[in-house]
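Subject: Structure handover and notes

Dear colleague,

I am passing on the structure we discussed, and below it you will find my notes. Please read them with the structure open beside you.

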Amino acid sequence: MNILVTGGAGYIGSHVLKALLKEGHQVVTFDNLQKGHREAVIGGKFVEGDLSDQKHIENVMAENKIEGVIHLAADSLVGESMENPAKYYRNNFANGINLLEAMVKNDVKNIVFSSTAAVYGEPDQIPIKEKNQTVPTNTYGESKLFFEKALKRYDDIHGINFVSLRYFNAAGADPEGEIGEAHDPETHLIPIVLQTALGIRDKIYIFGDDYPTRDGSCIRDYIHVNDLAAAHVLAVEALGAGKESSIYNLGNGEGYSVKEVIDTVKEVTDRDFEVEVAKRRAGDPAVLIASSDKIQQELNWQPEYPELEKIISTAWQWHKSGGF
Ligand code: UDP
């Protein structure tokens with residue numbers, strides 16, 4: 001298929017791009033490079049552009065005979081979204097509407113959307129299923145949920161089929177070592193612990209050890225970025241073959257605590273470093289674990305790297321090599 005990947009220069013986008021190229025798809029990456037890395041775009045065609053410019057997207061779609069869109073371009077810092085909500089409503093919601101309008105103009109009928117577990121907010125049930133309540137506790141999650149609602153409307157009104165993938169904690173790196181996670185600022189647990197193992201940080205802070213969990217620290221569902229990428233490929237190919245719209249969770253179904261992540265990093269890296277318990281971080285639910293049964297059943301998706309040790313070791317290879 002001829003596929004447009006927005007945000008293809010980012011962490012998850014670049015892994016999606018690589019997976020699409022391996023399957024023989026023709027890919028155009030569209031990215032404004034505000035957060036993404038040009039070096040992460042390892043093949044296909046690259047267009048520097050911003051989703052605020054609808055005409056530009058329309059032209060790119062027409063010139064490249066685009067048949068499907070994978071939409072990952074977004075701002076994704078929860079804390080920032082609570083200080084500057086306008087940025088999130090504009091970039092993640094309003095600019096997404098430009099993309100949908102450009103699809104309507106070009107008669108592009110398929111889109112895979114990069115959504116998030118943050119649409120659920122404080123879960124009413126673990127493991128979380130797609131039909132659980134969606135009450136986001138921050139603007140980031142809300143902006144993604146609004147766009148999911150827009151997708152449903154564009155399906156009803158314009159016949160655009162969508163798959164929305166609600167990611168849990170994306171982690172790890174390309175096992176071939178070509179691409180990996182490089183955020184600035186870095187806020188995610190695994191890369192922060194790896195930076196501590198490398199001596200880039202003095203110590204790692206555990207944000208709260210008084211949660212009602214097995215060791216008191218928060219539990220999250222870490223999913224390898226290649227397993228996420230594989231799900232995008234399955235989803236866009238299924239849409240191309242006529243699949244109707246759906247929403248899927250994407251996680252391992254396994255939860256690991258912050259302390260377990262730190263201990264596993266120490267084992268994998270064979271390095272010791274200081275760990276300090278700090279205050280809880282505002283808005284952190286104690287446990288977030290996905291049920292990914294629906295995508296396993298409907299798209300035959302299976303995680304290839306479910307073990308925490310493997311997830312961390314691929315990320316460690318990347319961090320040790322110096323990244324981009
Ligand atoms: N966390 C931590 N120390 C850090 C960064 C994160 O204890 O320096 C915790 C955080 O409170 C959460 C878990 O690690 O419980 C995963 O956080 P991350 O930001 O990676 O992902 P989130 O679950 O917030 O999307």
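The ligand is surrounded by 14 residues, the closest being His188, Leu189, Phe207, Cys218 and Val258, where a residue is taken as near a molecule if its C-beta atom, placed from the backbone, lies within 6 Å of it. Please bear in mind that this is a predicted model, in which local features need pLDDT of at least 70 and side-chain atom pairs count only at pLDDT 80 or more, while totals for chains, interfaces and linings use all residues. Residues are numbered from 1 along each chain as its sequence is written.

Helix 6 (189-197) and strand 8 (203-207) each supply at least two residues of the shell around the ligand, and strand 8 gives the most, with 4 residues; here helices (H or I, at least four residues) and strands (E, at least two) are DSSP runs, numbered from the N terminus. By class, the shell consists of 8 nonpolar, 3 polar and 3 charged residues, with Ala, Val, Leu, Ile, Met, Phe, Trp, Tyr, Cys and Pro counted as nonpolar, Asp, Glu, Lys and Arg as charged, and the others, Gly among them, as polar.

The UniProt record, an unreviewed entry, carries the annotation "domain: NAD-dependent epimerase/dehydratase" for residues 3-251; UniProt positions are given in the numbering used here, feature names are shortened, and annotations may be inferred rather than shown by experiment. In the model, the end C-alpha atoms of residues 3-251 lie 24 Å apart, and the span is 38% helix and 20% strand.

Turning to helix 2 (residues 54-63), its buried residues are Ile57, Val60 and Met61, a residue being buried if 20 or more other C-beta atoms lie within 10 Å of its own, exposed if 12 or fewer, and partly exposed in between, with C-beta atoms placed from the backbone. Seen down the axis of helix 2, these buried residues fall within an arc of 100 degrees, so they line one face of the helix; the arc is that of the directions from the helix axis to the C-beta atoms. An α-helix has 3.6 residues a turn, so residues three or four places apart point the same way. Lys55 and Glu63, on the other side of helix 2, are exposed. The buried residues of helix 2 pack against strand 1 (2-6), strand 2 (26-31), strand 3 (45-48) and helix 4 (85-106), contact meaning that the C-beta atoms of two residues, placed from the backbone, lie within 7 Å.

Strand 1 runs parallel to strand 2, joined to it by 5 bridges, and Thr6 has Phe30 in strand 2 as its bridge partner; two strands pair if DSSP finds at least two bridges between them. Val47, in strand 3, is partly exposed, with 18 other C-beta atoms within 10 Å, and, not counting residues up to four places away in sequence, Val47 touches Val28, Thr29, Phe30 and Val60.

A separate point concerns 3 strands that form an open sheet in the order 12-9-14, with mixed pairing. Strand 12 (256-257) and strand 14 (287-288) stand at the edges, each with a single partner strand, so one side of each is left without a neighbour in the sheet. Strand 9 (residues 219-220) pairs with strand 12 in the antiparallel sense over 2 bridges, and Ile219 has Ser257 as its bridge partner in strand 12. Ile289, in the loop between strand 14 and helix 9 (293-299), is buried, with 21 other C-beta atoms within 10 Å. Leaving aside neighbours within four places in sequence, the contacts of Ile289 include Ile126, Pro127 and Ile219.

Lastly, some backbone details deserve a look. Most residues other than glycine have a negative phi, and most peptide bonds are trans. A cis peptide bond joins Ile126 and Pro127, with omega about -5 degrees, and Pro127 lies in the loop between strand 5 (110-116) and helix 5 (139-158). The bond from Asp184 to Pro185 is also cis, with omega near 5 degrees. Leu33, in the loop between strand 2 and strand 3, has a positive phi of about 60 degrees although it is not a glycine. Asp107, in the loop between helix 4 and strand 5, has a positive phi near 60 degrees and is exposed, with 12 other C-beta atoms within 10 Å.

With best wishes
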